[in-house]
Amino acid sequence: MFLIHCPYCGELRDEQEYRCAGEAFIQRPGLDCTDEQWGDYVFNRTNPKGKVIEQWAHSAGCRKLFVVERNNVTNEIYAVRTFESYKEQA
Amino acid sequence: MKRLYKQAHERIDRSQIIHFHWQGAHYTGYAGDTLASALLANDVKLIGRSFKYGRQRGIMAAGVEEPNALVVLEPNSGYHLPNARATEVEIYPEMVAQPASGIPSINEDVRAWLKPLHRFMAAGFYYKTFMSPASWWPKYEEQLRKLAGFAPAPSQPDAETYDHYHRQTDVAVVGGGAAGLAAALAAANAGSTVLLLDERPQLGGELVVDAARDPEAAAWLARTRAALEAHAKVQILVRTTAYALHDFNLLLALERRQDHLPLGSRNPKLTRQRLHRIRAHKVILATGSHERPLMFANNDLPGVMLASAVSRYQYEYSVLCGSKPLVVGNNDSIYDVARDLVKAGTRPTVVDCRIGYDASDLTKLGVLVKQGYTVVKAEGRDSVERALIAKTAYSDTHGWVVGESPETVSCDLIACSGGFSPLVHLDCHTGSKPWFSTEHQAFMPACDKPHRYVAGSVNGQSNWQGAAAEGEYVGLLAAGQAANPVAAPKLLMVADFICPELGRDKIFLDMQNDVKASDLELAIRENYRSIEHIKRYTALGFGTDQGKTGNVNGIAVAAKIMQLPIAEVGTTTFRPMYTPVTMGVLAGSEVGLHSDPQRFTPMQASHMAQGAEFEVVGQWMRPWYFPQGSENLHQAVARECLAVRNSLGMMDASTLGKIDIQGPDAREFLARVYTNNWAKLAPGKCRYGLMCDENGMIIDDGVTACLSDTHFLMTTTTGGAARIYTHLETWLQTEWPDLEVYLTSVTDHWSTTGVVGPKARRLMEKLCKDVDFSAANFPFMDWREGTVCGIPARIMRISFSGELSYEINVQANYGRFLWDSVLEAGKAFNITPYGTETMHVLRAEKGYVIVGQDTDGSITPYDANMAWAVSLNKSYPFLGQRALTRSDTARAGRKQLVGLLTDEPDKVLNEGCQLVAETGSKAMIGHVTSSYFSPVLGRSIALAVVKGGLDLLGTKIYAKPLSYEVIPVTIVDSVFYDQAKEKSDGEI
């Protein structure tokens, strides 16, 4: 059971308060994409072993979504960041 | 067996005699006894029958590791507890206990009669024997299940309650023995808050035995325990088993709060058991170790016990387990047990497979010490009467070899020790692998996760001084203080695993599952190599004890047979729970009405007064129908339907999900999440919206009202409210953070009364004077603000029935008043309240879909014949737009929503019924999604999805229900009633 630091609430809270909302930073293709590209976007995920970058929502808290970078083998959490922080970085 | 004279350190209270029942007979014990110690004191040797062979079994251990002594407590009552371990159960007055095994009883077991066949019943026997014919498998299973397993599940509802408790602490210490006590005190003295857990009724662990042997240990225990109990930073939980350790140091513990109390004096206001969810910054595992039995033939005979358990029964409960004991083992600990037995007045025989231990103190007292020997077989009819011992020899190449021609030693107790297995379970729950130490002849905890420490005998300490020193060291570390590492532990001198040659004799490894050394040999001969496979083929380590006493011996035997080092064989995976946990405590207080919240609209009391029947929709209790007199569902629905069609009905629509959408980009947001166009919707207007996922499939629908250019009120399906709200928030926050839109769930803030039927306008004109209800000035799909029955309201002219219909939305606290006022004023029109069933019939007559009933996640707007709700020329592609032109979604022959009429008008199809093109065909071309008898049409109607159905209007197909009937039906348009929409304006 993770303890996740909500970047909006500023507190380390129990995993039960959160909801994992899947892989982060999936690009939505435009209408002109091929069926294969659309199928990839809707259905296919990278599903790596090791470091994953996911969206999590503080569903029983502030209801904000943010990014969790973690290791799905060791369960280590590397970073919890807002989407804005990635934009600033880019 | 007998009770010794009173000893200073015993924990029984001889002033309190406890009467209890075992197997229908009456026994006595003392307060402080476990069921096991009380039965031993009463000389009850036979306590169970074995799982597969029905062999006689007695008590082997003194703690949670006990494999044999499973009992049923308080059978056939609300306190029924199956498969409790007698060694853990504290007796209370009038306790009713019986064995958990025995077919029909432990005195006579039918499985034991099959003894001549037992040698054929090795591992895999059932798989190999009951192979064919396959059609008999259910019969085999039914019969074999009767022969296997332990006590049946309780038949009565649980009379007691349970709860969950969330805790936080700086340091959690698991285990109240020497190491745990020292660690807790050191950490607390260094300023940390400490939570100390122990599964036994009082602190001390195995240290209580040392305390009885050594006054210094007794003084240390008393001093440390007193200091902890008085310490402001320390909380102590006894009778509490830490059964799982998860990531980020989430420790789960089961506290038995009232199990030890007589049924009559349990406090019904307190829970029986409590689950503690403990978040600890640091966890110290001082879990100790369990002794392993020694392997020899008939080592399951009653009277064969773990050596350390014999000492515990002697010191804690003053029970002497045998008057003619034999102590046998491969390590130094057996000599301490022999000295204890001498103190108790017996003259034990000591058998040590090794040579060299200085036992002169014992031999001086006349104790026979046989070094270089081991027990090869126990003999006796109902319990141990003799042991056969034989010479041993050790070589580095072959390990232990046991000689021929054994000698016979007469005895009534074999106290055996095959070394100690550290309780690495909790450390392994988060994925750590234990490592095999040849020095300790044991699997040791890896302890490789952050914020975790191990101390004491779980880490290889063999005496209490070493355990206490190591406990203090990790206690200081956990509290963040510098500490000097402890000196290397004094090793318990323990020899390699010893197992006599495998012959016809039964050498048991796992007593609970009747797994013998020869079963492992067979499994390996059949080429099972991984210990995980060997476990599953033989059942080694299954059951309620999860192989606490048998696993490591089994691994050693497997290693010997495969000629591999034990480290290479490894262990099976340790998973939670450490010991069995009641289902009740896992559920906690979330049972009955608390298992799922029930939601009620503000009108609930009124509905109940009207005698409504309810159905659960999402978590809402919605009126299903309003029976009058002795009406059944169909009679009530027929009356309600006709009232709405011909005059006036009313319904509670408060449960629809409502989302308030505000912000400068609200209109653009709606255009992106709905398939249809929102650009031109003016304030005062409403629009029906259809929502798809990115795969182009319908996920929700509902009416949205434009309150102002930057303010909309969306409704969702009743069951979809939370899901859709989350869906919208996710898109807003992740894909469209540039849109300035704010969503608020207002489902509970508004209540909605629908006034439906041709006379609806007449009633509304009576109730509301400040709105012009004329068809010209208040057209369909408009909303108005007004005052209804004196209450500010939003009135929406929308319809889910095809009739003239006004939905009156008021602030929720006025909901009941408004409902009752409408009901009263409507009496002039014979207004009829109706429920969800009538609503379903009315909407089906008009061909309106219900998302989740007529759609199932595979239906696009085109499949639902709702192309009119799809706008493909919006500036930003809506969710799912691209998917609608995928090769599969655009192909011909997809299932499409159509109406069905049965040839026989009275025949109502079953929902879900399969549809075929020809009477004899088995190829399904669709299925029925909704089906009702329509009172206004006087015949049955159905909605269905049929492959290419929209091109097949007028075609005859066939419905095939499960009854082998074939029902001819005709495909028709899905609008059955008022196709010309003449009724929507009601009575002018």
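This passage describes the domains of chain B, the contact between chains A and B, and one helix pair in a predicted model. In this predicted model, local features need pLDDT of at least 70 and side-chain atom pairs count only at pLDDT 80 or more, whereas totals for chains, interfaces and linings use all residues. Residues are numbered from 1 along each chain as its sequence is written, and chains are lettered from A and ligands numbered from 1 in the order in which they are written.

Chain B is divided into domain 1 (2-111), domain 2 (162-289 + 422-478), domain 3 (294-418), domain 4 (508-564) and domain 5 (892-972), with bounds taken from an automatic or database domain assignment. A distance of 24 Å separates the C-alpha centres of domain 3 of chain B and domain 4 of chain B.

Between the chains, the contact takes 16 residues from chain A and 18 residues from chain B. Helix H1 (residues 35-43) of chain A supplies the largest share of the chain A side, three residues (helices are DSSP runs of H or I, at least four residues, numbered from the N terminus). The chain A side comprises ten nonpolar, two polar and four charged residues.

Within chain B, helix H5 (residues 178-189) and helix H12 (residues 464-478) pack at an angle of about 30°, their axes 7 Å apart (axes are lines fitted to C-alpha atoms over the stretch in contact, and angles run from 0 to 180 degrees between N-to-C directions). The residues of this helix contact divide into 15 nonpolar, three polar and two charged.

Note on methods: Two residues are in contact if their C-beta atoms, placed from the backbone, lie within 7 Å. Helices (H or I, at least four residues) and strands (E, at least two) are DSSP runs, numbered from the N terminus. Ala, Val, Leu, Ile, Met, Phe, Trp, Tyr, Cys and Pro count as nonpolar, Asp, Glu, Lys and Arg as charged, and the others, Gly among them, as polar.
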